[in-house]
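Please consult the sequence and the coordinates alongside the text.

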Amino acid sequence: MRSLQLKAIQQLRLFESPIPDPGPGEVLIKVSHCALCRTDAKMLQQGQRDLVLPRILGHEICGTSVETGERFVVWPGQSCGVCPPCTRGWENLCSRMKIVGFHTDGGFAEYVKVSKSSLLKVPESLPDPLACLAEPLACTLNALEQGRVSKDQTILIYGGGPVGLMMAMAAKSLEATPFVVEQNPVKFQRSEKFRGALGIEGALDGYSFRSSTFDVVVNAAPSPGILPEGIHRLKDGGCLCLFSGLTGDTAYPASLLNEIHYRQLHLAGAYGCTRRQMEWALTVLNALPEAAACLIDGIIDLEEVPAALEAILAGNAMKFIAKL
Ligand SMILES: [Zn+2]
Ligand SMILES: [Zn+2]
């Protein structure tokens, strides 16, 4: 089968590789589409904590079961089911987690083998390329759950790339009001159609919104300056959710952290998603297909993936979807 393998950092090539042989509890999936993610681009550029090389990348997968012909998206985790996080329903935090496209081969190939328990049925009316967005959208739903977002709350989202915009879509689905800040004018311009479709307020500068404080602040960008600014922008009792990891090694003054104390703020974190959140994401996408389609830059062939990953690293891309 045709596959795109990362042999070593910065060495991503097309290969002819054997069709995987599913073991007990596993299913062979004929991949239809697999979305490109910023994490794939980073793995190509510099590797990643959980990446085991050589590897077929790709973890935002939609395809059909070779056995039954049913259409599925793949929850990319393979959790143990018995560790403390797993038994609490936080399988995304499993202590023995293996991830498709990181520890095991992923979806930039004609076929992929995955655990049967990772399959989630795609609603009939949802097209394959849009179904690929279920995984990243589910990660944003996780962030809003961790931030305890509820109806009619205001959410300030830092970062207007594809993930920040999906976060806004997730907030809309909860009947909350998202505000998206994106400082890069090119990226901001590119999100106009999506924001228009969902009626989402956006700005180049977070201080130009009609609201000056928010119930929840979430970062979908790694700048460390988001932490102090985000804390200042919270209402009393609000929640700051760290969705994107912060870069650098910034020390924060006690006066800033004391705001958490005096104003009874909450601090939350979110990483990955659960199967339940991915199922939920499929229903959100199925309800808002026109808006979701605005996030797609193009459906591309496997050989165009390396160049598209470079475009993602350059910073202004939305979502590219590889068609197998
Ligand atoms: Zn991803
Ligand atoms: Zn576990």
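This is a predicted model: local features need pLDDT of at least 70, side-chain atom pairs count only at pLDDT 80 or more; totals for chains, interfaces and linings use all residues.

**Domains**

The domain assignment divides the protein chain into domain 1 (2-133 + 295-323) and domain 2 (137-269). Their C-alpha centres are separated by 27 Å. Nine residues from domain 1 and 13 residues from domain 2 take part in the contact. Between them the two domains bury about 890 Å², of which 60% falls on carbon and sulfur atoms. On the side of domain 1, Leu295, Asn316 and Met318 lose the most area to domain 2, and together they account for 61% of what that side buries.

Six bridges connect strand E1 (residues 2-8) with E2 in the antiparallel sense, and alanine 8 is placed opposite glutamine 11 of E2.

Strand E18 (residues 319-323) is mostly covered, as four of its five residues are buried. Strand E3 (residues 26-35) runs antiparallel to E18 and is joined to it by three bridges; histidine 33 has lysine 323 of E18 as its bridge partner. Strand E17 (residues 296-300) is parallel to E18, with four bridges between them, and isoleucine 299 faces isoleucine 321 in E18. From E17 the chain passes through helix H12 (residues 305-314) to E18, forming a right-handed β-α-β crossover.

**Glycine 101**

Glycine 101 lies in the loop between strand E8 (98-99) and strand E9 (111-115). Its relative accessibility is 0%, so glycine 101 is classed as buried. Leaving aside residues up to four places away in sequence, glycine 101 touches Met43, Leu51, Arg55, Ile56, Leu57, Gly58 and Gly106. Glycine 77 is 24 residues from glycine 101 in sequence, and the C-alpha to C-alpha separation is 9.6 Å.

**Backbone exceptions**

Most residues other than glycine have a negative phi, and most peptide bonds are trans. Leucine 53 and proline 54 are joined by a cis peptide bond with omega of about -5°; proline 54 sits in the loop between helix H1 (38-46) and E4. Two non-glycine residues with positive phi are listed below.

| Residue | Phi | Loop | Relative accessibility |
|---|---|---|---|
| Aspartate 152 | about 70° | between helix H4 (134-146) and strand E11 (154-158) | 58% |
| Glutamine 264 | about 50° | between helix H9 (254-262) and strand E16 (266-269) | 61% |

Are these residues buried or exposed? Aspartate 152 counts as exposed because its relative accessibility is 58%, and glutamine 264 is exposed with a relative accessible area of 61%. The cut-off for the exposed class is over 50%.

Note on methods. Residues are numbered from 1 along each chain as its sequence is written. Chains are lettered from A and ligands numbered from 1 in the order in which they are written. Side-chain values use heavy atoms; hydrogens and water are left out. Helices (H or I, at least four residues) and strands (E, at least two) are DSSP runs, numbered from the N terminus. Buried means under 20% relative accessible area, exposed over 50%, partly exposed in between (1.4 Å probe, protein chains only). Contact means heavy atoms within 4.5 Å. Two strands pair if DSSP finds at least two bridges between them. A crossover is right-handed if, with the strands pointing away from the viewer, the path from the first strand over the helix to the second runs clockwise. Domain bounds come from an automatic or database domain assignment. Buried area is the accessible area (1.4 Å probe) that two parts lose on being put together, summed over both.
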